[in-house]
Amino acid sequence: MKTATCPRCHQPVNSQVVTCPYCRTQLKAYGHPGIPLHRGNGVDYLCDSCTYHTDDSCNFPQRPYAQECTLYENFAEYELELQRQTQANSFGVVVRNWLRHNQALMLLLGLLFICFAIALSAS
Ligand code: SF4
Ligand SMILES: [Zn+2]
């Protein structure tokens, strides 16, 4: 079971629950467990840290003063995730290129390993 934290009472709750069992705060929109309802902290507007406000693609009427939103996406987390993916991709590219350039070496190592395994099983 995945857990989340209630934004109002900060208790750990099942990430699927529609309302917080402790303080009854609504956590999902339209009573549907698959539609998260993001909430501001009561001081800052959600839009200030939202990807769709930053890239100016949001046309919700509550923008830029949303305290509750179903579409909110944290811009900083989005950027971090992008960076992580780029790093993972570039690491994968480096490994693939290295393997491509060292195919002969890998083949030789593979043959050596097989010889070694045969020698071990024969003794
Ligand atoms: S998606 Fe919601 S939080 Fe984001 S800019 Fe639009 S109204 Fe604001
Ligand atoms: Zn709560």
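What follows is a working chat about a predicted model of one protein chain and its ligand.

Trainee: How many helices and strands does the protein chain have?

Mentor: Three helices and four strands. Keep in mind that this is a predicted model.

Trainee: In what order do the elements run?

Mentor: From the N terminus, β-β-β-α-β-α-α.

Trainee: What about the overall dimensions? What box do the C-alpha atoms fill?

Mentor: Roughly 70 × 35 × 20 Å, taken along the principal axes. The radius of gyration of the protein chain is 25 Å. A compact globule of 123 residues would come near 14 Å.

Trainee: And what share of the residues counts as buried?

Mentor: 8% of the 123 residues.

Trainee: What about contacts between residues at least 6 apart in sequence? What share joins residues at least 24 apart?

Mentor: That share is 22%.

Trainee: On to the ligand. Which residues come nearest to ligand 1?

Mentor: Cys47, Cys50, His53, Cys58 and Cys69, out of 13 residues around ligand 1.

Trainee: How does that shell divide into nonpolar, polar and charged?

Mentor: 10 nonpolar, two polar and one charged.

Trainee: Which residues make up the largest nonpolar core?

Mentor: Six of them: Leu46, Cys47, Cys50, Ala66, Cys69 and Tyr72. Cys47, Cys50 and Cys69 are also among the residues that come nearest to ligand 1.

Trainee: Pick alanine 66. What does it touch?

Mentor: Tyr45, Leu46, Cys47 and Phe60. That leaves out residues up to four places away in sequence.

Trainee: Now the backbone. Is the peptide bond from arginine 63 to proline 64 cis or trans?

Mentor: Cis, with omega near 5 degrees. Proline 64 sits in the loop between α1, residues 51-54, and β4, residues 68-69.

Trainee: Where is aspartate 56?

Mentor: In the loop between α1 and β4. Its phi is positive, near 60 degrees, though aspartate 56 is not a glycine.

Trainee: What is the phi of histidine 10?

Mentor: About 60 degrees, again positive in a residue that is not a glycine. Histidine 10 belongs to the loop between β1, residues 3-5, and β2, residues 12-14.

Trainee: Buried or exposed, that histidine 10?

Mentor: Exposed, because histidine 10 has 11 C-beta neighbours inside 10 Å.

Note on methods:
Residues numbered from 1 in each chain as written. Chains lettered and ligands numbered in written order. Predicted model: local features only at pLDDT ≥ 70, side-chain atom pairs only at ≥ 80, totals over all residues. Helix = DSSP H or I, 4+ residues; strand = E, 2+ residues; numbered from the N terminus. Buried ≥ 20, exposed ≤ 12 C-beta atoms within 10 Å, placed from the backbone. Near = placed C-beta within 6 Å. Nonpolar A, V, L, I, M, F, W, Y, C, P; charged D, E, K, R; others polar. Core = buried A, V, L, I, M, F, W, Y, C linked by C-beta atoms within 7 Å. Contact = placed C-beta atoms within 7 Å. Rg over C-alpha atoms; globule rule 2.2 N^0.38 Å.
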